[in-house]
Amino acid sequence: MTTQPPPNTPPWPTHHPRYTGVTNPLQQQQRRGWLHTAADIALAIGLLVIDVIAPLIAFVFGLDAAGYMMFDPAADNSSVSLTRPFAYVAVVGGIVLVSAFLLFMARAIISSGVQVLAGLVLVLVAITGIHDADRKVHPQPAPTSPSINPGALCRSGGDNSECGGS
């Protein structure tokens, strides 16, 4: 003898057969994509080591591309601009940020956060280095005449005879 289903139940199964007995079938599926926390931390540490080594290698290649002679003590490296090596570091920082996005899509949250911080630090260091290198190559000219009122250059605040422009 078979029992009749309760009234108002659909004639088809309400759960996927693979998830029988689970109250919420989506929880099991969502949990499968997450990386274990210990593995995520290990991945973050490994990628952080790579994030330190890769910009150093890129900076050395950038120095070589800019014409810097590292192992020649008689070479005059004063005219070598550091713009290109820092541009290489900026490219590495961009790659790190792209990898952070890919890690976020793979749900490796800790590794993704560490990569975002490392990528932002690399890009900011590169931008600061490029700006400083450009400023050293193209220094601002010194002012030839005072741009302020010459009468404002008084020494002690006395009468006009003490002022430089009078």
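## Helix packing

Helix α2 crosses helix α4 in a right-handed sense. This description rests on a predicted model. The two helices, α2 and α4, pack at an angle of about 20°, and their axes are 8 Å apart. Angles under 35 degrees count as roughly parallel, and α2 and α4 are therefore roughly parallel to each other.

Helix α4, which spans residues 109–137, also packs against α3, at an angle of about 160° and with the axes 8 Å apart. That angle makes α3 roughly antiparallel to α4, since angles over 145 degrees are counted that way. The crossing of α3 and α4 is left-handed.

## Nonpolar surface patch

Helix α2, residues 37–66, supplies the largest share of the patch, with eight residues.

Is Y88 buried, partly exposed or exposed? Y88 has a relative accessible area of 31%, so this residue counts as partly exposed. Patch residues need over 30% relative accessible area, and Y88 at 31% is therefore above that cut-off.

How many salt bridges does the structure hold? There are two. One of them joins R135 to D132, with the closest N and O atoms 2.9 Å apart. R135 and D132 are both in helix α4 and are three residues apart, about one turn of the helix.

In the salt bridge between K136 and D132, the side chains meet at 3.8 Å, N to O. K136 and D132 are likewise both in helix α4, at a spacing of four residues, about one turn of the helix. Through salt bridges that share partners, D132, R135 and K136 are joined into one network.

K136 has a relative accessibility of 64%, so K136 counts as exposed; the cut-off for exposed is over 50%.

Conventions
Residues are numbered from 1 along each chain as its sequence is written. This is a predicted model: local features need pLDDT of at least 70, side-chain atom pairs count only at pLDDT 80 or more; totals for chains, interfaces and linings use all residues. Side-chain values use heavy atoms; hydrogens and water are left out. Buried means under 20% relative accessible area, exposed over 50%, partly exposed in between (1.4 Å probe, protein chains only). Axes are lines fitted to C-alpha atoms, for helices over the stretch in contact, and angles run from 0 to 180 degrees between N-to-C directions. Angles under 35 degrees count as roughly parallel, over 145 as roughly antiparallel, 65 to 115 as roughly perpendicular and the rest as oblique. A crossing is left-handed if the near helix is turned anticlockwise from the far one by less than a right angle, and right-handed if clockwise. A salt bridge is a side-chain nitrogen of Lys or Arg within 4 Å of a carboxyl oxygen of Asp or Glu.
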